[in-house]
Amino acid sequence: MGHTKSIKELVKKQAALARSARLDGIVCSGYEAKSLKKICKRMDIITPGIRLKGDSAGDQKRVMSPKEAFNNGATALVIGRILTKGNLKKNIQKLVRELK
(Lines give C-alpha, C1' and ligand atoms only; values in the text may rest on other atoms or scores of the structure.)
Protein backbone atom coordinates (compact mmCIF):
# COMPACT_ATOMS: atom_id res chain seq x y z
CA MET A 1 0.00 0.00 0.00
CA GLY A 2 2.97 2.33 -0.07
CA HIS A 3 4.50 2.09 3.40
CA THR A 4 7.91 2.91 1.94
CA LYS A 5 6.69 6.24 0.56
CA SER A 6 6.57 9.60 2.30
CA ILE A 7 3.30 10.72 3.88
CA LYS A 8 2.82 13.23 1.07
CA GLU A 9 3.27 10.60 -1.65
CA LEU A 10 1.06 8.08 0.13
CA VAL A 11 -1.75 10.60 0.65
CA LYS A 12 -1.67 11.65 -3.01
CA LYS A 13 -1.82 7.99 -4.08
CA GLN A 14 -4.78 7.27 -1.81
CA ALA A 15 -6.59 10.43 -2.95
CA ALA A 16 -6.15 9.40 -6.60
CA LEU A 17 -7.60 5.98 -5.75
CA ALA A 18 -10.56 7.64 -4.01
CA ARG A 19 -11.14 9.85 -7.04
CA SER A 20 -10.99 6.92 -9.45
CA ALA A 21 -13.49 5.07 -7.24
CA ARG A 22 -15.74 8.13 -7.58
CA LEU A 23 -15.95 8.73 -3.85
CA ASP A 24 -17.57 11.94 -2.66
CA GLY A 25 -14.79 12.90 -0.29
CA ILE A 26 -11.64 12.09 1.62
CA VAL A 27 -10.39 12.58 5.17
CA CYS A 28 -6.92 14.06 5.46
CA SER A 29 -4.77 16.29 7.59
CA GLY A 30 -4.92 19.98 6.94
CA TYR A 31 -1.28 19.74 5.95
CA GLU A 32 -2.16 17.66 2.88
CA ALA A 33 -5.42 19.44 2.00
CA LYS A 34 -3.68 22.09 -0.09
CA SER A 35 -1.93 19.61 -2.38
CA LEU A 36 -5.07 17.46 -2.69
CA LYS A 37 -7.26 20.29 -3.97
CA LYS A 38 -5.85 19.61 -7.44
CA ILE A 39 -6.49 15.87 -7.27
CA CYS A 40 -9.87 16.06 -5.51
CA LYS A 41 -11.41 19.02 -7.33
CA ARG A 42 -15.04 17.99 -6.82
CA MET A 43 -14.57 16.00 -3.63
CA ASP A 44 -15.10 17.05 -0.03
CA ILE A 45 -11.87 17.32 1.94
CA ILE A 46 -12.65 16.56 5.57
CA THR A 47 -10.00 17.52 8.08
CA PRO A 48 -9.61 16.20 11.65
CA GLY A 49 -7.02 17.33 14.21
CA ILE A 50 -8.50 20.78 14.64
CA ARG A 51 -7.39 22.81 17.65
CA LEU A 52 -8.16 26.36 18.74
CA LYS A 53 -5.44 28.82 19.74
CA GLY A 54 -4.01 27.90 23.13
CA ASP A 55 -5.44 24.36 23.08
CA SER A 56 -3.21 21.38 23.72
CA ALA A 57 -2.54 19.03 20.81
CA GLY A 58 -3.50 16.18 23.14
CA ASP A 59 -3.05 12.83 21.44
CA GLN A 60 -2.89 14.39 17.97
CA LYS A 61 0.47 14.97 16.32
CA ARG A 62 -0.58 17.00 13.28
CA VAL A 63 -2.97 19.69 14.45
CA MET A 64 -4.08 22.90 12.81
CA SER A 65 -6.45 25.77 13.51
CA PRO A 66 -9.86 25.79 11.80
CA LYS A 67 -8.96 28.86 9.75
CA GLU A 68 -5.66 27.35 8.57
CA ALA A 69 -7.43 24.13 7.56
CA PHE A 70 -10.03 26.02 5.50
CA ASN A 71 -7.31 28.19 3.96
CA ASN A 72 -5.47 25.00 2.96
CA GLY A 73 -8.54 23.64 1.16
CA ALA A 74 -10.56 21.72 3.72
CA THR A 75 -14.28 21.81 2.96
CA ALA A 76 -15.35 20.38 6.33
CA LEU A 77 -13.75 19.95 9.75
CA VAL A 78 -13.96 17.21 12.36
CA ILE A 79 -14.25 19.03 15.67
CA GLY A 80 -14.78 17.11 18.89
CA ARG A 81 -13.21 17.69 22.24
CA ILE A 82 -12.17 21.30 21.56
CA LEU A 83 -15.89 22.05 21.72
CA THR A 84 -17.22 19.44 24.12
CA LYS A 85 -14.49 19.67 26.77
CA GLY A 86 -15.43 22.45 29.18
CA ASN A 87 -18.08 25.06 28.51
CA LEU A 88 -19.71 24.25 25.17
CA LYS A 89 -21.16 27.74 24.63
CA LYS A 90 -17.84 29.50 25.31
CA ASN A 91 -15.94 27.03 23.13
CA ILE A 92 -18.33 27.61 20.20
CA GLN A 93 -17.96 31.37 20.64
CA LYS A 94 -14.17 30.98 20.60
CA LEU A 95 -14.42 28.88 17.41
CA VAL A 96 -16.57 31.52 15.71
CA ARG A 97 -14.10 34.28 16.68
CA GLU A 98 -11.19 32.28 15.23
CA LEU A 99 -13.00 31.76 11.94
CA LYS A 100 -13.55 35.50 11.37
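Let's start at one spot in this predicted model: the backbone nitrogen of K53 lies 2.7 Å from a polar atom of the side chain of E98. E98 itself sits in helix α5, which spans residues 88-99. Its surroundings are worth a look on your screen. Leaving aside residues up to four places away in sequence, E98 touches L52, K53, S65, P66 and K67.

Is E98 buried or exposed, and which side chain of opposite charge is nearest? E98 is buried, and the nearest such side chain is that of K94, 4.9 Å away. A salt bridge needs a side-chain nitrogen within 4 Å of a carboxyl oxygen, so E98 has none.

Now step back to the whole chain. You can follow 5 helices and 3 strands, and from the N terminus on they run α-β-α-β-α-β-α-α. The C-alpha atoms fill a box of roughly 40 × 30 × 20 Å along the principal axes. Of the 100 residues, 33% count as buried. Among contacts between residues at least 6 apart in sequence, 46% join residues at least 24 apart.

In soluble globular proteins, nonpolar side chains tend to be buried together. Here, the largest nonpolar core has 11 residues, including V11, C28, L36 and I45. Two elements, α1 (7-20) and α2 (30-36), each give two or more residues to this core, and α1 gives the most, with 3. Another core, of 9 residues, lies apart from this one, with A69, I82, L83 and L95 among them.

Finally, the surface: the chain exposes about 6,900 Å², and carbon and sulfur atoms supply 54% of that area.

Definitions and conventions
Residues numbered from 1 in each chain as written. Predicted model: local features only at pLDDT ≥ 70, side-chain atom pairs only at ≥ 80, totals over all residues. Heavy atoms only, no water. Core = buried A, V, L, I, M, F, W, Y, C linked by side-chain atoms within 4.5 Å. Buried < 20%, exposed > 50% of the residue type's maximum accessible area, 1.4 Å probe, protein only. Helix = DSSP H or I, 4+ residues; strand = E, 2+ residues; numbered from the N terminus. Lys, Arg positive; Asp, Glu negative; His and termini not counted. Polar contact = N/O pair within 3.5 Å; in protein donor to acceptor, adjacent residues only side chain to side chain. Contact = heavy atoms within 4.5 Å. Areas by Shrake-Rupley, 256 points an atom, 1.4 Å probe, with all protein chains shown as cover.
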